[in-house]
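This report goes through the sheets, the domains, the chain contact and a helix pair of the structure shown below.

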Amino acid sequence: MASKGTVSVEVSDLRREFKGKGSPVVALDGVSLKVGQGEIFGVLGPNGAGKTTMIRILSTLLLPTGGWAKVMGFDVEHEPEKVRRVINMASGAEKAGYDFISAKKNLWFFSQLYGIPTATAEKRIMELSEMLGLTKYLDRKFYALSTGYRQRATIARAFVNEPKVVFLDEPTIGLDVMTARSIREFLKEQARRSERTIILASHNMAEVEAICDRVAIIDKGKIIAAGTPEDLMRSLGAPALVMEVSPPQSGFEMLSRVEGVKGFTASTEEERGLSTVHIVVETDAAARAAEDAVKREGLKVVASWRKQATLEEVFVALVGRGFKEREEQDVV
Amino acid sequence: MTSLRPILASAWMGIQHDIAWTTPVLSVALRVVAPFASAMTVSIIYWFGTTSASPGLFNADRLAYVLIGSTLYAHVASYAWVPTVAIAEGKNLSVFPHIYITSRSTAFYVAGTVLSSFVISTIASVAALILAYLALSSFLGTQIPATVTLTSVAMVAAALVANIPGALGLGFLLGAYSMYASKFEWSLPGYVAGLLMVFSGALFPTSFLPWPISVGAQYLPFTQFIAAAREALLPGTSGDYATSMGLCLVGGGILLGVSMFVYFASERKARKDGVIDRRLA
């Protein structure tokens, strides 16, 4: 998977196995990719897909069991000290910090671990806090900060050493819409103005679609699709088909058997007495076949219309369908 | 300076960890309780045992020996815990992996936190020694011998400094373990401290131990540190001061070298096994 311009992160045939009770568990299975300087690169995947494992390897927390990875030209396995000088990371789930000191002191402490002079560090902390809307809360003890401000402080920490590459794992998880939006704006600004490369692992399709230049969809340790969000949506061919079906149904398994249906999601609205099905189809013929398949089950299609597939629908089409196929293979 | 920053910042963090939950005075005062209680307990047991067994058995020099040894032992025991707590707590607060991926990584952090505890426990131990000395003198109504001059105090201070490599060595050795520990990490420093009470000559000369344990115990840097400090305050009781200082520095240096090797090997294995960012139970 290629990038344009200077390459910041390069991964080749990366593999990681963990000891299991029986056979080893493969978390990463031959992943290869290139990420360019100043690019925001999204890594999408379901739980256990290998996103966090990849970030742990790239940030030198974990050794690979096969393949290699380089960050700014330094090998993560053999030159971890050099890699650490140019990276940083943050995880939305952790909100890491020492509770007994203030947010500012937390940031100062980490700046010192990078050997940054205090005056420079304080200036940088103030700039980052300004950008992240954290300034008013800098002197509060870390435990006294709300989830959103703890998260802003965590993000600020990830940029305190002015890294060339930043790894973010679910950076806006659990945040309100406005906070999440301000963090996204900050990340875009960092990539655009400072040419920082950001690798963002996320479940949040809207977030990835909104800020990532390119995306890799990873499942069962393998990259199953990659490209710009637009390319991925376009690669699935025709726009999505939306159908409102009555009476409400819990399952639409008949759609799995329709040729040209790449994936679907369904939700039920009891109050309206119908189910809404979003289907990603390859062709117009497949859309008609899907509608017919539903009708053959004795269901009434109240309304149907076409729309552009979202990244979420692409994800479901690739990952959701993939799961089913594998489950069927496992049964066989 | 760039290498000193992470150590000083980690030392500052260690001090904050100890005092930020209350006022500095109260925090240090509470830190004095353990070494004071330790010194009082062993001293009173010695006094009670000897005076109960035979009226002429009590020896004020021996009481001073036990008093100084138990206080200095408490000093060693208190910083044995620090790397374990720093790593375990760091993992539970999720900060340890972020420290690990900084350009200086965790060795500077461990060194800084050990040094902070070293300083705090030195203040606490010295205060405990003075308080215990005064309390026992008053309670037992006896003059406990001690040579307290500018020279002897300087000699004790020099012994404390000479013990820093050994303190760091113990810190890295226990830190190597806590890189992996899941549930027992809180217990290990206690076991180590318990062993040191027996093997460091805190309460009785190491020559009392069976051979070859007595030989091994004799060359522990902590044994030599206690011997040097005790010799400064009680001349003629614990061998030659200069020899003890030399052995303390050499032993501490060897321990530090071996511990660093073990620590980095453990860190590498932890990275291989993926436990650097694993939380502890």
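The model is predicted.

Inside the order, strand E11 (residues 240–246) of chain A is joined to strand E13 (residues 274–281) of chain A by five bridges in the antiparallel sense. Val245(A) has Ser275(A) of E13(A) opposite.

## The sheet of E1, E2, E4 and E5 in chain A

A further open sheet of chain A has four strands in the order E2-E1-E4-E5, again with antiparallel pairing. Its edge strands are strand E2 (25–36) and strand E5 (74–75) of chain A, each of which pairs on one side only. Nine bridges link strand E1 (residues 7–18) of chain A with E2(A) in the antiparallel sense. Within E2(A), Val35(A) is the residue opposite Val9(A).

Helix H1 (residues 51–58) of chain A packs on this sheet and touches E1, E2 and strand E4 (66–71) of chain A. The direction of H1(A) makes about 115 degrees with that of E1(A).

## Domains of chain A

The domain assignment divides chain A into domain 1 (7–227) and domain 2 (236–331). Their C-alpha centres are 35 Å apart. Nine residues from domain 1 of chain A and seven residues from domain 2 of chain A take part in the contact.

On the side of domain 1 of chain A that touches domain 2 of chain A, helix H7 (205–211), strand E9 (214–219) and strand E10 (222–227) of chain A each supply at least two residues. H7(A) gives the most to this side, with three residues. By class, this side of domain 1 of chain A has seven nonpolar, no polar and two charged residues.

## Contact between chains A and B

In the contact between the chains, 23 residues of chain A meet 26 residues of chain B. On the chain A side, the elements that give two or more residues are helix H2 (80–86), strand E6 (87–91) and helix H3 (103–113) of chain A. H3(A) has the largest share of this side, four residues. The chain A side divides into 14 nonpolar, five polar and four charged residues.

## A helix pair in chain B

Two packed helices are described by the angle between their axes and the distance between the axes. For helix H3 (residues 60–80) and helix H9 (residues 188–199) of chain B, the axes come within 9 Å and cross at roughly 160 degrees. Angles over 145 degrees count as roughly antiparallel, so H3(B) is roughly antiparallel to H9(B). The crossing of H3(B) and H9(B) is right-handed.

From H3(B), the residues in the contact are Tyr73(B), Val76(B), Ala77(B) and Ala80(B). They meet Pro189(B), Val192(B), Ala193(B), Leu196(B) and Met197(B) in H9(B). The contact of H3(B) with H9(B) has nine nonpolar, no polar and no charged residues.

How values were computed. Residues are numbered from 1 along each chain as its sequence is written. Chains are lettered from A and ligands numbered from 1 in the order in which they are written. This is a predicted model: local features need pLDDT of at least 70, side-chain atom pairs count only at pLDDT 80 or more; totals for chains, interfaces and linings use all residues. Two strands pair if DSSP finds at least two bridges between them. Domain bounds come from an automatic or database domain assignment. Two residues are in contact if their C-beta atoms, placed from the backbone, lie within 7 Å. Ala, Val, Leu, Ile, Met, Phe, Trp, Tyr, Cys and Pro count as nonpolar, Asp, Glu, Lys and Arg as charged, and the others, Gly among them, as polar. Axes are lines fitted to C-alpha atoms, for helices over the stretch in contact, and angles run from 0 to 180 degrees between N-to-C directions. Angles under 35 degrees count as roughly parallel, over 145 as roughly antiparallel, 65 to 115 as roughly perpendicular and the rest as oblique. A crossing is left-handed if the near helix is turned anticlockwise from the far one by less than a right angle, and right-handed if clockwise.
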